[in-house]
Every structure is written in C-alpha cells, then in structure tokens.
Amino acid sequence: MIEVGIAGCLGRMGTAIVEAVGAEPDMRIACGIDPHPTAKAEDQAFPLYESIEDAVESQRIDVLVDFTRPSVVEHTLEVALSHDIDCVVGTTGVSAERLREIYEASGTDACLFFAPNFTIGAVLMMQFAKMSAKYFPEAEVIEMHHCNKLDAPSGTAVQTTALICEGREGASSQAPGKETEVEGAEGARGALINGVPVHSVRSMGFVADQEVIFGSLGQTLTITHRSWDRSSYMPGVLLAIRKVQGGSGLIIGLEHFLDI
C-alpha cells in the first residue's frame with residue numbers, strides 16, 4: 001500500500017487527486033496538507049495539516065504529491081526530501097535548475113519527479129513536436145489556459161520549446177521576430193523561448209490547450225492537444241506515484257515513465 005500525502009489537497013487539482021488516489025486499491029491517502037482550510041476540510045476522511053512539518057512528523061508518507069504554488073512548493077520539497085520522501089510535483093513556475101539545487105541540497109536518496117504536464121496526450125504532443133522540428137524550420141507555440149493560472153508561459157510550453165530546439169539539431173528559424181513589432185505593440189511576436197515564439201492566452205472557458213504550429217515550403221503542420229477536464233491529468237499522476245518509488249535523483253518529464 002502506497003501512503004500518499006497530497007499538498008494543496010483542497011484546491012482544484014488537489015481535490016481531483018484526492019478522488020483519484022482514493023479510488024485506487026494499492027494507494028491510501030495518508031494525509032492532506034493545506035494552509036488555508038475551508039469548509040471542505042471538515043468533510044475529509046484523512047488527517048489534514050496546515051504545514052508540511054506537521055504532516056511529516058505525524059504521518060508515514062511514501063510519496064508526496066504537490067500541485068500548489070511556486071512560492072510554496074520549494075519549502076515543501078526541502079522538508080519532504082530531507083525526510084527521504086519521494087516527491088511527485090506538478091507545480092510549474094520553478095526552473096529545472098532550481099529543482100536540481102533543492103534535490104542536491106537535501107542529501108537524500110529519494111526521487112524527485114517533476115512533469116510540466118501529466119496528461120499523456122500532452123506528453124505525446126511534445127514528443128511529436130520534437131520529431132517534427134527536424135523537418136519544419138518554423139515553429140510557434142500558442143498555449144491557452146484558465147484565467148486563474150499563476151504562471152505564463154505554461155511549463156508545458158517551455159518544455160515544448162526545449163524539445164523543439166533539441167529536435168532542430170542546431171538549425172534555427174528564419175521567421176521575422178521582435179524587430180518587426182511596431183511601436184506600442186511590443187510583445188506581438190510573443191516571448192522567444194529556446195528560439196521559439198510562445199503566445200499565452202488566459203481566459204475563462206479553457207482548462208489547458210496547446211497548439212504547436214510548424215511551417216515549411218508550401219505546407220503547415222499543427223499539433224494540438226486539449227484538456228477540458230482535470231480528470232485528464234489523473235492517469236499520469238497515478239502512474240507517477242507508482243513509478244517514482246522505483247526511481248532516484250531528479251527526473252523531469254512523464255515520458256520517462258512511458259514506453260515511447
């Protein structure tokens with residue numbers, strides 16, 4: 001039985017993870033961690049703590065799952081890793097370099113796993129983008145998320161550009177960039193990340209959508225992934241909880257746990 005602690009258990013993603021983990025026969029919710037208890041806290045069938053320190057001192061936790069905020073996750077990971085707890089992180093806005101610093105400073109043998117997106121379709125989209133970049137010299141990313149998302153661009157978009165850059169094998173786009181932006185319309189060409197323009201949309205009506213648009217002579221290729229419900233993340237989260245216990249070090253990307 002995998003004892004799972006869930007940081008941010010009363011939030012939108014946290015609530016979905018509680019439901020998903022609670023339905024699995026090989027997992028049990030050891031506790032939840034949320035510094036802002038609400039009326040929902042009284043309805044929980046597991047212990048709820050306001051701090052990670054109280055949680056690790058009171059409960060056995062095999063795997064900690066964190067979908068919180070960039071300003072919170074770093075401290076949570078420092079405490080959890082120092083107690084040799086494997087961690088599954090979906091909170092974006094923290095760089096891979098910073099995650100590596102946190103892991104190395106912990107001196108742990110546990111595994112720290114981070115994925116910018118736990119939706120299996122989004123992982124495949126990123127891998128397809130990497131494959132396509134070798135054959136299409138131009139690429140742009142448009143990502144669309146709900147209006148409450150705290151970071152822009154999304155972690156998925158950033159990771160997609162990194163994979164496109166890798167797939168290009170040193171080639172670069174010749175499309176016009178920021179030098180073409182007219183006065184008063186700075187930013188029209190998006191944020192240039194790893195040589196790829198990224199455009200972020202924030203609006204009600206979205207959960208998480210992304211389009212990767214490739215262009216070449218006489219043709220375009222568009223790779224699109226859409227999530228319209230947070231349940232789309234749950235198969236990837238459950239997979240990570242099971243796989244992280246067999247890993248070590250810092251692992252980034254759900255593709256490492258998939259047969260692709």
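**View 1. Lining of the largest pocket in the predicted model, by residue class.** The lining of the largest pocket divides into 16 nonpolar, 18 polar and nine charged residues. Nonpolar here covers Ala, Val, Leu, Ile, Met, Phe, Trp, Tyr, Cys and Pro; charged covers Asp, Glu, Lys and Arg; the others, Gly among them, are polar. Of the 43 lining residues, Met13, Phe67, Thr68, Arg69 and Leu150 lie nearest the centre of the pocket. Two or more residues each come from H1, helix H2 (52–58), H3 and helix H6 (155–168), and H3 has the largest share, four residues. The space in this pocket is about 1000 Å³. On a 1 Å grid over the protein atoms alone, a pocket is an open set of points with protein on both sides within 12 Å along at least five of seven lines, a cavity is a set where a 1.4 Å probe fits but cannot get out, and lining residues have an atom within 4 Å of a point. Points are joined across faces, edges and corners, and a volume is the space filled by probe spheres set on them. Helices (H or I, at least four residues) and strands (E, at least two) are DSSP runs, numbered from the N terminus.

The model is predicted: local features need pLDDT of at least 70, side-chain atom pairs count only at pLDDT 80 or more, and totals for chains, interfaces and linings use all residues. Residues are numbered from 1 along each chain as its sequence is written, and side-chain values use heavy atoms, with hydrogens and water left out.

**View 2. The second largest pocket.** Its volume is about 280 Å³. Ala96, Phe114, Gly155, Val158 and Gln159 lie nearest its centre, among 17 lining residues. H6 gives the most to this lining, with six residues.

**View 3. The largest cavity.** This cavity has a volume of about 40 Å³. Its lining includes Asn117, His145, Asp209 and His225. Strand S10 (208–216) and helix H5 (120–133) each give two or more residues to the lining, and S10 gives the most, with three.

View 4. In H4 (residues 96–106), Leu99, Ile102, Tyr103 and Ser106 are buried (under 20% relative accessible area; exposed is over 50%, partly exposed in between; 1.4 Å probe, protein chains only). These residues are on the same side of H4 because they cover an arc of only 95° around the axis, taken from the directions from the helix axis to the C-beta atoms. The face turned away from the buried side carries the exposed residues Glu97, Glu104 and Ala105.
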